[in-house]
Amino acid sequence: FFNHNITTNTTRLTEMMINPARLYSHTSIISRTIFPIVSVQQRFYTQKPNNKPVYLTFIGPPGCGKGTQSTKIENDFGVPSISTGSILRKVAQEPTDLGLKIKHILSSGGLVDDDIMLEIIKEALTGKNQFANGWVLDGYPRTPGQAEQLDKLLKEINQPLSVVFHLDVPEEVLVSRMSERWVHLPSGRTYNLSFSPPKEKGKDDVTGEPLVQRTDDNPASIKTRLNNFHQATTPLLDYYKKAGLLDRVDSPTSDVGYVKIKETLSRLVAGK
């Protein structure tokens, strides 16, 4: 999806990551090189629009089931998911300076620069995508700083958060899920060899294309990612609790957790 001016664009994008102040003057470059992926994530629905759109995100450690719950919400409420993780992993596959930089960050369990993440979200929410029923942000925000940036953006575009779900999952469940997780990268669909295996080993149920195991789904990276979550993301609970948006969900399995999620969203889309 990168255009023919890839060398120039990659150099300028890399410079922007080093100097975030330059980021906002180059939105068109980012759109041409990164954001065609966003439309791949978008699904289209024929059902009647909800009475009221819902805008939501999840807080939870790696492996807590954010992607699985997002898919359930898409199926039941027609609310599409914007997976920042899928976007970043696609960029990481590109043989460019930017792709290699993001690949290193992801494989080591690190976090991508806040300004780059904000521009990804801004383009996703204000680009060509249409969100009549609302949206689910899968994987963002992860820090109080990102939450503050997101609040400012959502105020500008008049799409305030409706609810923030905190997925509370036992740590032993998280380790099991991540170590047995396989992904269909183009769609972001995930499978677990124990709980939700593919119909045919190693292949996506919908397309038949091969599944891969994420480079950061290994014991060393899992430990780093969980530590990063507790250090950087846990303060989000206080941030959104003070805002009156936090809804804690006990989720030892995705099905158990979704019962409460569905009840809350049914009330919100009805305008109650």
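The model is predicted, and local features are given only where pLDDT is at least 70, side-chain atom pairs count only at pLDDT 80 or more, and totals for chains, interfaces and linings use all residues. Residues are numbered from 1 along each chain as its sequence is written, and side-chain values use heavy atoms, with hydrogens and water left out.

**Overall fold**

The chain has twelve helices and seven strands, where helices (H or I, at least four residues) and strands (E, at least two) are DSSP runs numbered from the N terminus. Of its 272 residues, 49% are buried; buried means under 20% relative accessible area, exposed means over 50%, and partly exposed lies in between, with a 1.4 Å probe and protein chains only. The chain exposes about 13,300 Å², of which carbon and sulfur atoms supply 53%, and such areas come from the Shrake-Rupley method with a 1.4 Å probe, where for residues only the protein chains shown count as cover. Among contacts (heavy atoms within 4.5 Å) between residues at least 6 apart in sequence, 74% join residues at least 24 apart.

**Helix packing**

Two packed helices are described by the angle between their axes and the distance between the axes. The axes are lines fitted to C-alpha atoms, for helices over the stretch in contact, and the angles run from 0 to 180 degrees between N-to-C directions.

| Helix pair | Angle | Axis distance |
|---|---|---|
| α5 (residues 84-92) and α6 (residues 97-107) | about 125° | 7 Å |
| α10 (residues 219-233) and α11 | roughly 40° | within 6 Å |

The helices α5 and α6 are therefore oblique to each other, since angles under 35 degrees count as roughly parallel, over 145 as roughly antiparallel, 65 to 115 as roughly perpendicular and the rest as oblique. Their contact is made by Leu 88, Arg 89, Val 91 and Ala 92 of α5, together with Leu 98, Gly 99, Ile 102, Lys 103 and Leu 106 of α6. By class, this contact has six nonpolar, one polar and two charged residues; Ala, Val, Leu, Ile, Met, Phe, Trp, Tyr, Cys and Pro count as nonpolar, Asp, Glu, Lys and Arg as charged, and the others, Gly among them, as polar.

**Nonpolar cores**

A nonpolar core is a set of buried Ala, Val, Leu, Ile, Met, Phe, Trp, Tyr and Cys residues joined through side-chain atoms within 4.5 Å. The largest one has 34 residues, of which Trp 135, Leu 150, Leu 161 and Tyr 240 touch the most other members. Among the elements that each supply at least two residues of this core are β1 (54-59), β3 (134-138) and α8 (144-157), while the largest share, seven residues, comes from α7. Not counting residues up to four places away in sequence, Leu 161 touches residues including Tyr 55, Trp 135, Leu 150 and Tyr 240. A second, separate core of 23 residues includes Leu 174, Val 249, Leu 265 and Val 269.

**Single residues**

Phe 229 lies in helix α10 and is buried, with a relative accessible area of 10%. Although Phe 229 and Pro 61 are 168 residues apart in sequence, their C-alpha atoms are 5.9 Å apart in space. Asn 158, in the loop between α8 and β4 (163-168), counts as exposed at 64% relative accessibility, and its phi is near 60°, a positive value in a residue other than glycine. Arg 189, found in strand β6 (residues 189-192), is partly exposed, with a relative accessible area of 23%.
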